[in-house]
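Hi,

Here is the structure I promised to pass on.

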Amino acid sequence: MNTPAITSSILLADGVSSASTSSHQMNSPHLEFKNLSVSYGPKVALRQISIQVPKNTVLGIVGPANSGKSTLLKTINRTIDFISTARVEGSVALAGEEVTTMKNVYALRRRIGMVFPLPVGLPLTVYENVAFAPRRIGVHGKAELDEIVERCLRDSVLWDEVKDRLDMLGTKLSGGQQQRLTLARALSLSPEILCLDEFSIAIDPVTTMKIEDVLMQLKEKMTIILVTNLTQQARRMADHVAFLNDSELVEWGENEAMFNRPKKEITGRYLNGEFG
Amino acid sequence: MDRLEKPIEYLVRLCGWSSIISVAAIFIFIFREAAPVISKINFIEFFTSTEWHPSKHGEPGEYGALALIVGNFAVAGVAMVMAFPLGLGAAVFISEFASPKVRETLKIGIELLAAVPSIVWGFIGLTVISPLLVDHAGAEIGTNLLNGSIILALMSVPLIVSISEDALRAVPDSYREAGLALGANKWEMVARVLFPAAKNGLLAACMLGVGRAVGETMAVLLATGNTNQIPHSLIDPIKTLTATIASEMNDAARGEEHFQVLFLLGILLLVITCTINLIADLVIKGMKGKANA
């Protein structure tokens with residue numbers, strides 16, 4: 001656990017963020033990045049990132065392409081390990097536990113739901129896509145699985161469209177449906193943290209709005225990290241917004257402050273859609 | 001270029017149809033050779049008797065092919081029991097677990113294994129496996145069903161490995177990542193995500209292995225003991241349809257009954273292998289059909 005003193009000294013080192021964070025009272029962040037740097041071989045992907053995410057809030061991460069947003073997500077569930085050239089320095093703490101050195105990555109990943117930008121329906125039936133992860137941790141009762149599948153499909157606003165076709169292959173669904181299936185799958189283990197990497201790229205605006213509503217309800221049960229290219233989506237949903245540009249954290253802070261009184265001129269320009 | 005379009009189209013059309021034409025031609029020619037005997041032979045005897053005494057000097061012969069058919073299926077079946085797990089296991093290791101360097105080394109090894117001529121496999125059965133079976137498996141004769149199966153398994157494995165490995169590598173990485181991101185370990189990911197995703201390719205690999213094992217001639221001729229009997233144990237010597245054709249063709253004069261019956265065995269083999277392919281096709285289509293439902 002971080003005492004406030006340690007937290008503030010680290011944030012002071014970051015310079016920019018210190019002022020904006022002093023206003024949020026965050027005693028024990030659910031997720032905390034501390035001086036996190038990632039490089040792929042010689043290429044730096046993230047430089048000295050420090051952000052704290054309180055429990056049951058939404059952190060919106062915005063920034064242009066290649067600014068390191070997806071890399072940041074991958075450090076949370078350690079899927080960064082799949083990239084052999086990746087080097088991670090600094091710290092990611094989940095409820096006070098250090099993630100970067102965690103031994104049991106499988107247990108870690110079960111605590112973190114991840115939705116990728118492009119839909120990945122596994123080559124299983126709709127039902128089995130959602131039941132996949134619960135089965136792996138030993139949930140086998142039909143009634144229990146049925147309950148999980150229905151709840152997750154309802155939460156991802158897909159239930160009404162697939163309830164009669166649960167044994168159809170997930171890969172046969174449309175792109176937007178598959179993306180919601182991916183969301184349902186990510187919810188199947190009731191994760192503590194839900195990471196969404198530009199989840200609405202393949203979904204129509206109406207469905208997107210429906211899912212946003214659901215996410216706002218899910219916030220009561222989990223902490224959400226929302227990477228998005230749509231600054232308006234961040235504005236609608238996020239409690240805090242972090243702006244990444246060129247591998248660096250330009251600044252982060254409360255939603256209202258970031259959009260209305262950004263510390264840096266470039267932040268304001270990006271959030272207002274003047275570049276990106 | 002425009003005036004070449006038509007001729008080129010006809011050319012590729014011909015290439016496309018040539019496979020069908022060849023298959024039809026093969027059937028026609030083999031049938032033509034066997035035709036005279038088809039009306040004369042007793043098919044009940046052919047499929048139910050194990051007495052195989054080809055006619056000599058004009059005397060009537062007995063042609064009971066049951067033991068040959070059983071021998072053929074037995075040796076191929078036992079071989080596949082060994083080859084499927086070995087081949088699929090090797091493919092999973094090469095594609096999912098091996099480091100790039102190990103992968104390259106193993107793939108070269110597999111390609112070399114595939115390049116070993118079948119007669120050399122026969123030698124190995126005769127000189128390496130045969131004494132081992134006599135010393136350690138209690139076989140009276142070292143060339144037997146098990147020997148032939150081991151050789152056939154080793155011959156089919158490279159085919160199964162290389163095609164299954166291609167099928168596994170063709171599965172997008174996003175599937176692997178999605179499976180692992182859900183907290184599955186690597187083995188669960190392979191079994192629950194990769195196998196279903198690659199099942200058509202894996203099945204095709206296994207079927208090609210079966211085809212190779214059923215049709216193989218030289219290696220089984222040397223390794224199985226060439227004895228016309230229904231095997232009662234793994235270490236009984238046997239004889240296969242293919243080996244019978246190869247070993248007796250020399251003694252049979254063209255136009256004789258014996259010669260024509262050997263062609264009949266050829267037709268039987270052709271029907272068996274075509275049926276296996278057809279079943280594989282139907283199974284693959286069936287899985288697709290179910291997926292569409």
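**Where the chains meet**

The contact (heavy atoms within 4.5 Å) takes 24 residues from chain A and 20 residues from chain B. Before going on: this is a predicted model, where local features need pLDDT of at least 70 and side-chain atom pairs count only at pLDDT 80 or more, while totals for chains, interfaces and linings use all residues. Residues are numbered from 1 along each chain as its sequence is written, chains are lettered from A and ligands numbered from 1 in the order in which they are written, and side-chain values use heavy atoms, with hydrogens and water left out.

Together the two chains bury about 1900 Å², 69% of it on carbon and sulfur atoms (that is the accessible area, with a 1.4 Å probe, that two parts lose on being put together, summed over both). On the chain B side, B:Glu177, B:Ala181 and B:Leu182 lose the most area to chain A, together 32% of what that side buries. The count of salt bridges between the chains is one (a side-chain nitrogen of Lys or Arg within 4 Å of a carboxyl oxygen of Asp or Glu). That bridge joins A:Arg136 to B:Glu188, with the closest N and O atoms 3.8 Å apart.

**Inside**

The largest nonpolar core has 109 residues, and those with the most contacts inside it include A:Leu31, A:Ile225 and B:Leu265. A core here is a set of buried Ala, Val, Leu, Ile, Met, Phe, Trp, Tyr and Cys residues joined through side-chain atoms within 4.5 Å; buried means under 20% relative accessible area, exposed over 50%, partly exposed in between (1.4 Å probe, protein chains only). Helix H12 of chain B (residues 257–292) gives the most to this core, with 12 residues. Helices (H or I, at least four residues) and strands (E, at least two) are DSSP runs, numbered from the N terminus. Apart from that core lies another, of 45 residues, among them A:Met168 and A:Phe259.

**Two loop residues**

A:Asn66 has a phi near 65°, positive although the residue is not glycine. A:Asn66 sits in the loop between strand E3 (58–62) and helix H3 (69–76) of chain A, and is exposed at 71% relative accessible area. A:Asp246 also has a positive phi, near 55°. The loop holding A:Asp246 runs between strands E9 (240–245) and E10 (248–254) of chain A, and A:Asp246 counts as exposed at 55% relative accessibility.

Cheers
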